[in-house]
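Please read the following report alongside the sequence and the model, which are shown first.

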Amino acid sequence: QYDLVIIGATVVDGTGSRGRRADVAIRGGRIMSVGTIERSAAKEVLDANGLTLAPGFIDVHTHADDVWERPRAENFIRMGVTSIVAGNCGGSAPDVAAAFERAAQTPASVNFATLIGHNTVRRAVLGSANRPPTAGELEKMKALVWKGMADGAVGFSTGLQYVPGTYSKTPELIDLARVAANAGGLYASHMRNEGTELEASVAEAIRIGEAAGGRVQISHLKVDSPSRWGASEKALGLIDAARKRGQEVEADQYAYTAA
């Protein structure tokens, strides 16, 4: 006896295969069967004829760091998003453990994950200083990234167009990204430049991940300078070349018209 059977939907299962008409049986919050299922086999039947049924989407780039302030998260749920990743563009909760504790106190209707942000870490150690960190300061920053990962962050993010992240050099970012990579985390970067220096910025993100030994998520893959429109082919070529070398590199794009 199933708790729920959803019948008649076009099922898109996330494997890349074409959608197919099928029924889905659920018990104890888990999918138990996909196929042709009798209505009598369930306590509740939901007729989804003419609708599409898919796994919940994961929004890998959000700034919902305070999702508990709007726990219903209807802007996500109405788009089929059931899991979100916060802490992007170098800005995150400074205390990841405290953020998860707050999220547990006021559970949201979406699953919540977060990155540990470079701008947050750098500001805690150097303020808004426009200079490289000393050896001691770098160790303090690495310790903060390590603590964020130990407390449950899924990776390390940068916002290299923003203060103070824009003052950082590539070696600093490699050292910090390596801490996250050693803990299984990825490197997610709002690039240094998304227009006139697009190719160099994409190449820097790839280099940081390669040197740190971690996966790379390039944020906002776009060309924001009209004079460079058309350069997306070159940016995509850099990503394709890295993937052919065996490096795991992905990119996200706005879900609305921009750039």
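Leaving out neighbours within four places in sequence, Arg 228 has contacts (heavy atoms within 4.5 Å) with Gly 195, Thr 196, Leu 198, Glu 199 and Val 223. Arg 228 lies in the loop between strand E12 (216–219) and helix H7 (232–244), where helices (H or I, at least four residues) and strands (E, at least two) are DSSP runs numbered from the N terminus. Arg 228 counts as buried because its relative accessibility is 18%, buried meaning under 20% relative accessible area with a 1.4 Å probe and protein chains only.

This is a predicted model, in which local features need pLDDT of at least 70 and side-chain atom pairs count only at pLDDT 80 or more, while totals for chains, interfaces and linings use all residues. Residues are numbered from 1 along each chain as its sequence is written, and side-chain values use heavy atoms, without hydrogens and water.

Two pockets are compared below; a pocket is an open set of points on a 1 Å grid over the protein atoms alone, where a 1.4 Å probe fits, with protein on both sides within 12 Å along at least five of seven lines, and lining residues have an atom within 4 Å of a point. A volume is the space filled by probe spheres set on the points, which are joined across faces, edges and corners.

| Pocket | Volume |
|---|---|
| Largest pocket | about 410 Å³ |
| Second largest pocket | about 350 Å³ |

Of the 22 residues that line the largest pocket, Ile 6, Val 24, Ile 31, Leu 53 and Ala 54 are the closest to its centre. For the second largest pocket, which 13 residues line, the closest to the centre are Asp 59, His 61, Gln 253, Tyr 254 and Ala 255, and strand E6 (residues 57–59) gives the largest share of the lining, three residues.

Note on methods. Buried < 20%, exposed > 50% of the residue type's maximum accessible area, 1.4 Å probe, protein only.
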